[in-house]
Structures are given as C-alpha cells and as structure tokens.
Amino acid sequence: MPKGNGGRHVEIRLQPWPKTIPEAIETQRRLRGRIRTVDDAEHAVRTVAGVDVAYERDGDRLAAAAVVLDYASLEVVETSTVIATAEFPYEPGLFAFRELPALVEALRELATTPDLIVCDGHGLAHPRRFGLACHLGLLADVPTFGVAKTVFVGEFVPPASRRGAWSPLTVGDEGWGNGENIGAVVRTRDGVKPVFVSVGHRISLDTARAHTITLSRHARLPETTRRADHLSREVLAGRISPSVGR
DNA sequence: GCGACAG
DNA sequence: ATCTTGTCGC
C-alpha cells in the first residue's frame with residue numbers, strides 16, 4: 001500500500017558493490033534492462049528530493065546530501081547528510097559507483113520516502129544507457145531523472161533562447177532523424193545555457209522535462225540540486241555537522 | 001591511432 | 001568535482 005507517499009524510509013541495499021572497472025560495466029549491462037521509462041499510474045508528486053556530492057580538493061573525503069522539498073512551495077521539508085570516503089575513482093560513465101554509496105546512506109536516513117528524486121548527472125543519456133539517475137532509481141525503486149550541466153553522449157540542435165524551449169538529444173542519428181531519443185536539451189531560463197534532461201526510472205521524458213522547468217523557478221538548475229549542492233559543500237567545509245559520519 | 005569524456 | 005577575481009546584467 002505505501003507507494004511513494006506515506007512510505008517510511010527509503011529502503012536500499014547495495015549488494016556486492018563493484019570494485020573494478022570491468023565489474024562496474026558488467027553491473028550496468030546487467031541492470032539496464034530493468035529500467036522503466038513510463039510514468040507511474042499515480043502522478044501526485046508532493047515531495048521531491050535533490051541529491052549531490054561535494055569532494056575535497058585533495059584527499060578522498062566527500063559529503064553527500066539529500067534534500068527533500070515540498071513540490072508546490074519548494075520549501076525544505078527534510079535534509080540528510082553524510083561524510084564518507086571515495087572508494088571508487090572517477091571514471092566517465094561509471095561515476096555512479098563513486099557517488100551512490102554515500103548518497104544511498106543519506107537517503108536511508110530520511111524519515112520519509114520522496115515521490116521523486118532529481119539527480120545531478122545523466123540517466124539514459126549515458127554510453128550504456130545507464131547513468132546515475134537510472135541506477136539510483138532502480139536501487140531505491142523511486143521515480144528519478146537526471147539534469148546534467150553538460151552533455152555526455154548524443155547530438156542536438158541548440159533550443160530556442162526562451163525558458164521552456166527544448167530540443168531532442170539523440171544518438172545514432174546521422175542527420176536523418178532515425179536515431180534514438182535519449183533525452184532533452186532544455187532551456188530553463190531565458191538566455192542561459194541549456195541543461196540536459198534524461199529519464200532515470202519510472203518516469204517519462206516529457207514528465208521529467210516538465211518537472212525540470214517547474215523546479216528551475218529561481219535559477220538555471222532545479223531548486224533540488226541547488227539545495228543539495230549547497231548543503232553538501234557546507235557539510236564538507238565543516239560549517240554544518242553531518243547527520244551521519246564524522 | 002587520436003581525442004573526448006556526467007561529476 | 002575543485003582551484004580562482006573581477007565583472008556584466010537584472
């Protein structure tokens with residue numbers, strides 16, 4: 001019965017977490033088939049969470065933050081932060097294996113299960129169609145999508161300069177419109193650089209794009225990632241104590 | 001072979 | 001991601 005709302009805690013298990021590049025790639029290939037790119041039957045989104053990780057310039061300490069907002073007011077409802085150590089090197093295409101352990105820890109500490117999670121990075125717009133947003137969506141079994149600041153894979157035509165304008169992000173398209181659509185290049189504010197939106201899990205691209213516009217009411221990036229980004233940096237800097245770790 | 005490469 | 005001053009514009 002507790003689907004989305006009213007749920008108690010985000011339940012996630014990491015199972016044997018990959019330690020090597022080959023293992024990580026194999027894990028993505030094994031899990032990508034489970035991704036669902038359609039909206040859930042129930043649409044109501046009352047709470048939305050943003051997640052992000054801040055890194056120490058030298059050393060391997062990191063701070064992960066999960067911020068839950070009330071979708072309608074964009075007011076903070078709850079936050080959770082974790083100080084941890086980076087166990088996986090940054091590798092383009094495998095960056096979920098570096099950030100997810102800490103993010104999952106932070107999500108577990110939340111008292112409520114958000115109806116949606118917005119990730120800082122790509123979902124399907126990934127070399128193997130399994131970016132961080134897809135991976136987190138599957139592990140948490142919560143609707144997710146990613147909003148990245150730069151393109152990773154795919155081609156696109158710059159969208160018009162007005163807020164709301166967008167163009168498809170495609171791959172395998174040599175100019176004849178026969179490629180596959182892996183995301184959307186969205187202009188969240190008039191005249192700013194566009195962001196790259198792609199589905200994570202249990203959501204459609206159209207819905208993810210609509211949420212991106214709604215959540216980017218005050219800036220180029222969604223309020224969710226802005227809040228999570230800021231909080232993770234404050235915790236890493238020691239100006240705010242983490243709810244987990246020390 | 002060479003360069004590119006989410007954060 | 002992180003390192004960095006000033007600067008242009010609403």
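Guide: Start with contact: it means heavy atoms within 4.5 Å. By that rule Glu-223 touches Leu-69, Leu-74, Leu-215 and His-218, with residues up to four places away in sequence not counted.

Visitor: What kind of model is this, and which residues count for its local features?

Guide: The model is predicted: local features need pLDDT of at least 70, side-chain atom pairs count only at pLDDT 80 or more, and totals for chains, interfaces and linings use all residues. Residues are numbered from 1 along each chain as its sequence is written, chains are lettered from A and ligands numbered from 1 in the order in which they are written, and side-chain values use heavy atoms, with hydrogens and water left out.

Visitor: Why is Glu-223 called buried?

Guide: Buried means under 20% relative accessible area, exposed over 50%, and partly exposed in between (1.4 Å probe, protein chains only). Glu-223 has 7% relative accessibility, so it counts as buried. This residue is found in helix 5.

Visitor: What makes the pair Glu-223 and Arg-226 a polar contact?

Guide: A polar contact is a pair of N or O atoms within 3.5 Å; within protein, one must be able to donate a hydrogen and the other to accept it, and residues adjacent in sequence count only if both atoms are side-chain atoms. The side chains of Glu-223 and Arg-226 are joined at 3.2 Å. That value is within the limit, so the name applies.

Visitor: How do you know whether Leu-74 is buried or exposed?

Guide: Its relative accessible area is 4%, so Leu-74 is buried. Leu-74 lies in the loop between strand 2 (61-70) and strand 3 (76-85). Strands (E, at least two residues) and helices (H or I, at least four) are DSSP runs, numbered from the N terminus. Leu-74 is not a glycine, yet has a positive phi of about 65°.

Visitor: Where does Arg-129 lie?

Guide: Arg-129 sits in the loop between strand 4 (116-120) and helix 3 (132-140). Arg-129 also has a positive phi, about 55°, without being a glycine.

Visitor: What is the strand order of the open sheet?

Guide: Eight strands run in the order 3-2-1-4-5-8-7-6, with mixed pairing.

Visitor: What makes strand 3 and strand 6 edge strands?

Guide: Two strands pair if DSSP finds at least two bridges between them. Strand 3 and strand 6 (166-171) each pair on one side only. The twist averages 25° from one strand to the next.

Visitor: How do you know that strand 1 and strand 2 pair?

Guide: Nine bridges join strand 1 (residues 47-55) to strand 2, and the two run antiparallel. Pairing needs at least two bridges, so these strands qualify. One example is Val-51, opposite Ala-66 in strand 2.

Visitor: What makes strand 7 largely enclosed?

Guide: Five of the seven residues of strand 7 (residues 180-186) are buried, so the rest of the structure largely encloses it. Six bridges join strand 6 to strand 7, antiparallel. Three bridges join strand 7 to strand 8, also antiparallel. There, Val-186 stands opposite Val-195 in strand 8.

Visitor: Why does Val-199 count as buried?

Guide: Val-199 has 4% relative accessibility, so it falls under the buried cut-off. Val-199 lies in strand 8 (residues 195-201). Leaving aside neighbours within four places in sequence, its contacts include Arg-36, Gly-123, Cys-134 and Phe-145.

Visitor: Which residues are near DNA strand C?

Guide: A residue is near a strand if one of its heavy atoms lies within 4 Å of it. Ala-54, Tyr-55, Arg-57, Lys-149 and Arg-233 surround DNA strand C. By class they divide into two nonpolar, no polar and three charged. Ala, Val, Leu, Ile, Met, Phe, Trp, Tyr, Cys and Pro count as nonpolar, Asp, Glu, Lys and Arg as charged, and the others, Gly among them, as polar.

Visitor: What share of the atoms of DNA strand C within 4 Å of the protein belongs to sugar or phosphate?

Guide: For DNA strand C that share is 100%.

Visitor: What is the share for DNA strand B?

Guide: For DNA strand B, 48% of the atoms within 4 Å of the protein belong to sugar or phosphate, and the rest to bases. A base nitrogen is 3.2 Å from a polar backbone atom of His-122. A phosphate oxygen of DNA strand B is 2.7 Å from a side-chain N or O atom of Tyr-90.

Note on methods. Axes fitted to C-alpha atoms, helices over the stretch in contact; angles between N-to-C directions.
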